[in-house]
Amino acid sequence: MVTLSEGGAYLINGTEIVPDNAEAAAAIKAKTGKEITKEEGAKQTIAYGILKSHNTSGNMDKLKVRFDKLTSHDITFVGIIQTARASGLQKFPMPYVLTNCHNSLCAVGGTINEDDHMFGLTCAKKYGGVYVPPHQAVIHQFAREMLATGGGMILGSDSHTRYGALGTMAVGEGGPELVKQLLNQTYDINMPGVVGVYLTGAPVKGVGPQDVALAIIGTVFKNGYVKNQVMEFVGPGVASLSADFRIGVDVMTTETTCLSSIWKTDGVIEEFYEIHGRKADYKELNPGETAYYDGMIQVDLSKVRPMIAMPFHPSNTYTIEELNANLTDILDETEKRAQVSLDGAVEFHLKNKVKDGKFMVDQGIIAGCAGGGFENICAAADIMKGKYIGSDGFTLSVYPASMPVYMELVKNGCAAALMETGAVMKTAFCGPCFGAGDTPANNAFSIRHSTRNFPNREGSKLQNGQISSVALMDARSIAATAANKGVLTPATDFDGEIGRYQYHFDSNIYANRVFDSKGVADPDTEIRFGPNIKDWPAMGELPENLVLQVVSEIHDPVTTTDELIPSGETSSYRSNPLGLAEFTLSRKDPEYVGRAKAIHALEEERMKGGHPCHVLPAIKDVMKPIQEKFPEVSHTNTGFGSTIFAVKPGDGSAREQAASCQKVLGGWANIANEYATKRYRSNLINWGMLPFLIEAGELPFQNLDYLFLPGIRKAVEEKNDNITAYAVKDNALKEFCLKLGELTDEERQIILKGCLINYNRV
């Protein structure tokens, strides 16, 4: 189904793979009559050509990328624009689309959600942007329909910013990276590796894009095969896939931890652009005659079967047939794995879902940027036709990804067919994907064609003793399960016909409702604020020395951004930095906020000219062994703050608040064995936090210990990678080593200044 090469590989004329081994050179010459090096072959990937056309550095090893367009939604654009305004923003220098698909319900906190929307509308007018009102489209569907261009690049403040199937290299990053683009700065990265995804065959009936995506994710996530690299989809199997199918696979590449994605394009994609009235934006993209890839993933589409990703990660994959055949063993394994994710905070059971040898599901959801596509919903309607979900506990909700998609489903009868079964049709909304809509009952099991199934993404709250869980599946198998009244069923069991429906895009929906400034700013527009929209608090520069207290220690194999700052109802407070910070690690380590505040109070006192011991007299005992070894150290040249340790933090969302909430509570660093994603590490840096690395193994410190970092400012200035640190233990100093990893000159300056706002502020 899915196989990985052990090393790199060459692709000849887009159709023949030559492994990178001792015989490669001779094999390539025999087939092409030419000799080629890896370096030359790497330049023949699609990704290389697009990155080269957007690079401003003149050095393809050290990229400084300017994107063509930006996009954000309503739990990210307020913080981004507030940061940019504090840094001197006058006008959006490129198209910037502000969508409203996360806090769309305006159901939490009174007026605060709609206040954010009005903030977005007035900023689009003032600075020359585009504003998409709530319920019109989820962020990524609007981008596909209206923004993507062949050979273009888009930066979005949502991790699932992926439009590679349409020929656009798109990257999901934290808000500060969009701020840099708004301030005419660049996205600075080393040239990423490019991994080929070679598709052959064609999917069998009942297999959809989520099945293919989960098969890939289950193979590459745990071994980091594509981490921070570009996935390039090639091979003859691409031609067998519709545009919607390719899009459905593409959006899920985020869950592999890759940096971006790109696909070869053809007449199918050209037709997509033509349907959307933008045929001129199409560009045919193919790798060169002999392209070199740093790895090769081979996928035989004909062998993919309906998949399920069990709680609590998209990589926990099985075929549905495998799960049904081995229920006791797999459910027992899932329960044990879940207790690691849940820290044993609540009891979690799945084996009790088995009734008469069949696994019973409580809820189905087809939604968002992954599931809400036209073809997915049409296929679900065909599978459900003539069936009904029943009047027991099982429910099914369907969220089309945009109003144009919804309208076409109404016109072709698929919406009516689904509604007749007892399913509920809802508007374009991302809520079910991040825990703000259709939260199941306690101990319920939900199957969803959405992007993630992390703990609490469905809306339950461990701190209140609530737990439900989500498995990811394709819309087709969700429909088959719904038609079977909740009995887990792969869509390959469906023996009817799944039709092919022609899509017609009605642009009038957007023309009549979306505000588009056409790039013309109106500086006289007054921005509308609400009581929850707050400025970022003042943040100081990196001091000469640091005393840090470890205020949380997390040993899970991976820590998601949902665990660092929960989603769901907390999303309503993302316009209020201090208000949101109260929720930091609340579902993972409820003691974190109080501990961070306590040590931050010392720094606040110091910054006012007072002595930290006035706040915490016991700090004298911490400083005593430090000053014995470093007599020049005092509260005048030493800052106080907090840090956390996590094995591998930052998987998942691009949300900058996973870092900024730590910062506003006095966080100066993270310590990790590795960082799950580039975007989380970038968020730390942009908020002035030190992204420390420490060797895996027994830690030289434990939770609540104090650490001392002498000369940390000088170390950053002098580009030192190895940082000498000390754990203050038993009235003595225990020396150990931290690493900073590679930092650009700009990133070092941001850390020295204390955050991106300080770096840019005139």
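Of the 762 residues of the protein, 64% are classed as buried, a term that here means under 20% relative accessible area, with exposed meaning over 50% and partly exposed what lies in between (1.4 Å probe, protein chains only). The structure is a predicted model, in which local features need pLDDT of at least 70 and side-chain atom pairs count only at pLDDT 80 or more, whereas totals for chains, interfaces and linings use all residues. Residues are numbered from 1 along each chain as its sequence is written, and side-chain values use heavy atoms, with hydrogens and water left out.

The radius of gyration of the protein is 26 Å, which agrees with the value near 27 Å that a compact globule of 762 residues would have; the radius is taken over C-alpha atoms, and the globule rule is 2.2 Å times the number of residues to the power 0.38. Along its principal axes, the C-alpha trace spans about 80 × 65 × 60 Å. Among contacts (heavy atoms within 4.5 Å) between residues at least 6 apart in sequence, 76% join residues at least 24 apart.

The protein has 28 helices and 34 strands, which are DSSP runs numbered from the N terminus, helices being H or I with at least four residues and strands E with at least two. Two strands are taken to pair if DSSP finds at least two bridges between them.

Strand E15 (residues 295–300) pairs with strand E1 (residues 2–4) in an antiparallel manner through 3 bridges, and with strand E11 (residues 194–200) in a parallel manner through 6 bridges. Ile297 of E15 stands opposite Leu4 and also opposite Val197.

Asn686 is placed in helix H25 (residues 678–686) and is buried, with a relative accessible area of 1%. When its neighbours within four places in sequence are left aside, Asn686 is in contact with Pro176, Glu177, Lys180, Ile750, Cys755 and Leu756.
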